[in-house]
Amino acid sequence: MTSTPSLTSETNDNQTAPRQIILPRPDDWHIHLRDGDSLKTTVAHAAQSFNRAICMPNLVPPVKTAKEAQAYRERILEALQQADIEDKYKQSFDPRMTLYLTDTTTVTDIQQAAESGVVQAVKLYPAGATTNSADGVTNLSGRNDVFEAMQKYGIPLLIHGEATDSHIDIFDREKQFIDTTLNSLVIQFPELKIVVEHITTGDAADFVLSQNEHVAATITPQHLLFNRNHLLVGGVKPHFYCLPILKRQQHQQVLLDVATSGNPKFFLGTDSAPHATQAKENACGCAGCYSASIALPLYATAFDSVGKIDRLEGFASRFGAQFYGLPVNESSITLVNEPMQVPSSYPYMHDQSLTPLMADETLPWSIKSN
């Protein structure tokens, strides 16, 4: 059962104060922090909003072993301690690591991951599906022994669910992956915990709803708030470009429906992915929306747009922890229905900048300062 969040609207001198909602501190079950100098920006932003964060392994080179995952976690924690943020965030932020599934991943790799204490899951990128996915799996059936080991050790499989054959329309790739790959995978490994990440279509939502409790999904803020018109009408908007790509408005509505339904199969995963502004705003095709710093106001805006702000607590703070068998965070965060202007950019990697989703726009919700 999901508890009822604290949703208040105080009065003062006959004036109604802005609504506010107090949530157990949320977790981000899908985030890209990158590596090296990127961590100086991304870790600080993530730590100020989230307690736990599942960190994606598609670095260069990718994180393929428990030893590499431990080393990456140590780099994240080092950046955390150097960040110019309050000590409480440095003490509470808990990066959870993932391994990058490849054609050469072994059962021993899975066993060592399970014994490491730091690896939360294994990530499946079909080769060529998204940023830094060249090392992804090319022969899924050849990984059956690995999936059996994951089932045995209780390690979830996180899936970027898109078919990558060049002849498949980019707007159909998620549905094609479900039809040709995902359906057979859940039949063959019924006890394997699976998260279909950043779902974008009604087809994916229906698939997750039709499965047992071992199958769940994350949903990003951009796929709740936007559709392909926002990306394409009036010229291509590079900061709305992500993979899986934004879909039709009818799919956006389904995602809003399931995210705000109170169904524990759906929970927060920002897929926040930094690219330097100069790399996003050219023809390179960099895919990813950067939202770590403003994710909670974005989600609150989406939920409130359909009158379901009271359902945000389950989605943001409870259902993901429940799926992963972890406790709900004891600390809290307060969102208030007061406008905030999204910064135009952040300093990033020496002399570059990082442009967030909705840069220079005003959001109706903000995080309340203590």
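**Salt bridges and a bent helix**

Lys40 is exposed, at a relative accessible area of 57%, where exposed means over 50%, buried under 20%, and partly exposed in between (1.4 Å probe, protein chains only). Welcome to this predicted model, in which local features need pLDDT of at least 70 and side-chain atom pairs count only at pLDDT 80 or more, while totals for chains, interfaces and linings use all residues. Residues are numbered from 1 along each chain as its sequence is written, and side-chain values use heavy atoms, with hydrogens and water left out.

**Salt bridges**

- Side chains of opposite charge can pair when their charged atoms come close.
- The structure holds ten salt bridges, each a side-chain nitrogen of Lys or Arg within 4 Å of a carboxyl oxygen of Asp or Glu.
- Lys40 has Asp37 as a salt-bridge partner, with 3.5 Å between the closest N and O atoms.
- Asp37 is partly exposed, at 26% relative accessibility.

**A pair from distant parts of the sequence**

- Arg19 and Asp304 join their side chains in a salt bridge of 2.7 Å, N to O.
- Arg19 sits in the loop between strand S3 (15-16) and strand S4 (20-24), and Asp304 in helix H12 (residues 295-305), so this pair ties together parts that are 285 residues apart in sequence.
- Helices (H or I, at least four residues) and strands (E, at least two) are DSSP runs, numbered from the N terminus.
- Both partners are partly exposed: Arg19 has a relative accessible area of 29%, and Asp304 one of 22%.

- Asp94 and Arg73 form a salt bridge in which the closest N and O atoms are 2.9 Å apart.
- Their pairing links distant parts of the chain, 21 residues apart: Asp94 belongs to strand S7 (residues 94-100) and Arg73 to helix H2 (residues 66-82).
- Asp94 is buried, at 17% relative accessible area, and Arg73 also counts as buried, at 19%.
- A network of salt bridges links Arg73, Asp94 and Arg96.

**Helix H6**

- The 16 residues of helix H6 (residues 173-188) should span 22 Å at 1.5 Å a residue, and the end C-alpha atoms are 22 Å apart, which agrees; the expected span is 1.5 Å times one less than the number of residues.
- H6 bends by about 40° at Asp179, the bend being the angle between axes fitted to the seven residues ending there and the seven starting there.
- Buried residues of H6 include Glu174, Phe177, Ile178 and Thr181.
- The buried residues of H6 pack against several elements, among them strand S8 (119-124), helix H5 (144-153) and helix H7 (202-210), with contact meaning heavy atoms within 4.5 Å.
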